[in-house]
Amino acid sequence: MTPRPWRVTGRRRETADSWTLDLEPADDGAPMSFLPGQFNMIYAFGIGEAPISISGDPGADRPLVHTVRDVGAVSAAICRAAPGEVLGVRGPYGSAWPVAALGGRHVLIVAGGVGLAPLRPALRAALERRRELAGLTLLLGGRTPADLLFRDELEELGADPRLELAISVDSAGSGWRGHVGVVTTLIDDLDLDPARATALLCGPEVMMRFAAQALIGRGMDRGDIYLSMERNMKCAVTQCGRCQLGPAFVCREGAVMRYCDIERVLGLREV
Amino acid sequence: MAVEGVATTIERGAFDGLLTAIARSGYELIGPTIRDGAIVYDEIATSADLPIGWTDEQDGGSYRLRRRDDEALFGYAVGPQSWKRFLHPPEVTLWRASRDGDGAMAIESCEDGKPSYAFVGVRSCELHAIAIQDRVMVGGEHPDPFYAARRDGALLVAVNCTVGGGTCFCVSMGTGPRAGPGFDIALTEVIDGGRHYFLCEAGSEPGAAILAAVEQAPARAAEAAAATAAIAVAARHQGRSMEADGIRELLYDNYEHPRWDEVSERCLTCGNCTMVCPTCFCTTVEDSTDLAGAEADRTRRWDSCFTMDFSYVHGGSVRASARSRYRQWMTHKLATWIDQFGTSGCVGCGRCITWCPVAIDITEEVAAIRADAID
Ligand SMILES: Cc1cc2nc3c(=O)[nH]c(=O)nc-3n(C[C@H](O)[C@H](O)[C@H](O)COP(=O)(O)OP(=O)(O)OC[C@H]3O[C@@H](n4cnc5c(N)ncnc54)[C@H](O)[C@@H]3O)c2cc1C
Ligand code: SF4
Ligand code: SF4
């Protein structure tokens with residue numbers, strides 16, 4: 001329950017309100033190994049902790065990378081942490097994207113907004129093993145082109161023959177050549193063999209719900225769709241009780257959960 | 001010499017000898033005592049601190065102490081508090097952080113020593129509640145060191161119920177009234193004509209060692225039978241009952257039952273039920289710093305699923321309505337808890353019924369849903 005000190009060694013602005021931080025241990029401890037989809041509790045001195053997914057490459061255990069959107073006191077303080085400053089980190093916690101089971105599958109990554117951050121380790125892992133996969137598609141949604149994370153990397157990925165990339169924004173100026181509309185509409189145009197596809201979803205809950213329904217509409221199995229869930233969380237070890245989602249604890253059974261396991265509670269209001 | 005599983009008797013006159021033997025073994029005595037018109041758990045020294053000659057009358061939204069016509073030490077059901085107050089305290093400082101001019105940060109756990117509490121007067125339902133909180137707090141992958149330190153050193157002196165509480169339903173929940181496994185010492189208080197004694201059993205080696213130091217006699221069959229009869233009275237006189245069969249499936253099938261709307265019109269979302277419940281474990285944390293910004297700490301506090309803040313995520317609370325919050329609480333207690341921890345989260349102690357300001361009754365809510373269940 002006690003965080004370890006980690007020093008910020010790099011800080012990049014992603015969008016108007018999001019930053020990516022590189023962290024290195026500030027004690028004698030080892031760097032952190034993690035599974036794609038896991039998260040850490042990040043502590044800003046005197047202000048508080050927030051659950052933040054690891055957004056770095058799972059192949060490299062340092063630096064430890066997180067991408068944070070400033071939405072309130074704690075996330076703002078984390079975003080503000082400049083190189084040299086120290087944050088507290090404990091983790092990693094939670095479940096992982098099923099990256100070991102992707103061989104032979106068409107991997108379909110669907111991300112909305114800052115939801116791309118927890119998916120980035122899975123994307124890196126999938127690219128690493130691209131030859132074993134049947135296909136790799138990234139469908140990405142954002143409010144405007146300026147709200148997209150990792151834009152330099154997206155630029156490269158757009159030209160990468162290993163990946164099919166489609167981006168849709170809610171609204172854009174005249175310079176935008178991509179789609180305009182909600183990300184789920186990209187699913188309708190997808191070349192998809194539903195029996196061979198595995199979908200990894202992260203974004204606002206409504207977006208994930210609609211995306212899952214669209215994928216099921218295209219014939220996908222409910223067990224092949226994975227979602228990264230968010231709930232209020234103070235301890236990340238099932239003891240604060242706050243992240244309950246029906247019988248599950250998002251910090252333990254999640255954050256990555258199979259759609260077939262949570263479809264029922266997701267369909268109910270205020271569970 | 002007391003042996004595990006072999007009953008003995010201790011006369012009322014020797015009861016203080018038992019408390020002394022426990023204290024001599026290095027335990028801090030915690031037991032029932034009267035304060036502010038209720039029986040609460042606090043430090044005790046001698047039997048004079050116990051609620052001698054008092055009982056509690058309980059019903060939905062009501063609790064009152066009344067004099068008994070004898071001098072029983074444990075002649076009541078349960079008070080507003082449970083032992084959770086000591087094992088999982090309402091407030092704990094988890095860690096302190098300090099920061100120097102270079103931004104270097106050191107964080108140190110505030111794990112304190114190991115208190116050795118002896119809880120005297122643990123009811124059977126409370127023994128079950130402790131076992132349930134053990135699963136939550138130390139049964140998983142990340143045992144809580146604060147709970148573990150308090151729990152490891154605790155001596156549990158159970159006292160079998162001989163009074164049926166007005167809101168009790170342990171019989172329905174299979175958690176009482178006779179103390180099951182888990183105690184170090186179990187006592188049954190018997191007042192039989194002019195004689196006042198305790199039937200004692202040791203449930204562990206430390207319990208047996210303590211009993212060995214107390215003046216006692218081997219229990220005769222008639223004494224054991226009198227104790228069993230006294231416990232049977234408690235079972236017969238419970239004020240509430242709940243049909244617990246298939247309750248998990250019942251609640252899973254009834255998330256949209258109209259009864260949730262009905263109860264939400266009465267519920268004040270005050271959270272009293274969660275504070276008095278011996279198994280409710282939810283917490284929040286608070287971070288603070290000194291004025292200079294060099295020292296900070298993190299404090300953990302009991303919290304309640306009835307607050308808006310509990311389920312807040314950016315943009316709003318997941319459970320904004322009172323309906324969804326009462327539903328979350330009751331469904332957690334009786335259904336999802338079973339999936340999470342392998343047991344029910346309710347032991348039938350009745351506290352949530354007694355201490356609800358508007359007398360909402362979990363047994364009545366279950367019965368109402370069962371009466372016209374959606375399935
Ligand atoms: C498993 C998980 C992974 C996450 N990964 C990321 C990530 O990679 N990048 C990122 O920017 N954000 C992520 N979040 C969301 C992030 O934790 C919240 O934005 C953050 O806690 C908000 O805290 P605040 O004090 O800045 O905001 P406020 O809105 O002031 O929050 C007040 C309190 O509400 C709670 N809270 C508010 N919003 C959320 C939320 N969305 N999720 C959980 N608790 C919340 C927190 O307890 C917080 O202390 C993740 C959340 C979870 C549960
Ligand atoms: S839910 Fe009510 S009756 Fe059940 S253990 Fe908690 S306080 Fe006691
Ligand atoms: S059920 Fe009763 S005690 Fe619990 S929150 Fe509602 S009004 Fe308060």
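Predicted model: local features only at pLDDT ≥ 70, side-chain atom pairs only at ≥ 80, totals over all residues.
## Position of ligand 1

Ligand 1 sits between chains A and B. Its shell holds 22 residues, and the closest of them are Pro51(A), Arg69(A), Ser75(A) and Glu230(A), together with His314(B) from the other chain. Sorted by class, the shell contains 12 nonpolar, 6 polar and 4 charged residues.

Four elements each give at least two residues to this shell: β4 (48–53), β5 (64–69) and α1 (73–80) from chain A, and β15 (312–313) from chain B. The largest share is that of β4(A), with 4 residues.

## Polar contacts of ligand 1

In Ser75(A), a polar side-chain atom is 2.5 Å from a ligand oxygen. In Lys234(A), an N or O atom of the side chain is 3.0 Å from an oxygen of ligand 1.

## Aromatic pairs

Over all chains, the count of aromatic pairs is 19. One of them joins Tyr43(A) and Trp95(B) in an edge-to-face arrangement, with 4.7 Å from centre to centre and 85° between the planes. This pair crosses between chains: Tyr43(A) belongs to strand β3 (residues 39–44) of chain A, and Trp95(B) to strand β6 (residues 91–99) of chain B. Tyr43(A) and Trp95(B) are both buried.

Another edge-to-face pair is formed by Phe74(B) and Phe198(B), whose centres are 6.3 Å apart and whose planes are at 85°. Phe74(B) is in the loop between β5 (62–67) and α2 (84–87) of chain B, whereas Phe198(B) is in strand β11 (residues 195–202) of chain B, so the pair ties together parts 124 residues apart in sequence. Phe74(B) and Phe198(B) are both buried.

## Aromatic cluster and charges over rings

In chain B, one aromatic cluster is made up of Tyr41(B), Trp83(B), Phe86(B), Tyr117(B) and Phe119(B).

Charged side chains also lie over tryptophan rings. In chain A, Arg11(A) is placed over the face of Trp19(A), 3.7 Å from the ring centre. In chain B, Lys84(B) is placed over the face of Trp302(B), at 4.5 Å from the ring centre.

Technical notes: Residues numbered from 1 in each chain as written. Chains lettered and ligands numbered in written order. Heavy atoms only, no water. Near = heavy atom within 4 Å. Polar contact = N/O pair within 3.5 Å; in protein donor to acceptor, adjacent residues only side chain to side chain. Nonpolar A, V, L, I, M, F, W, Y, C, P; charged D, E, K, R; others polar. Phe/Tyr/Trp six-rings, centres within 6.5 Å; stacked < 30°, edge-to-face > 60°. Buried < 20%, exposed > 50% of the residue type's maximum accessible area, 1.4 Å probe, protein only. Lys NZ or Arg CZ within 6 Å of the ring centre and 35° of its normal.
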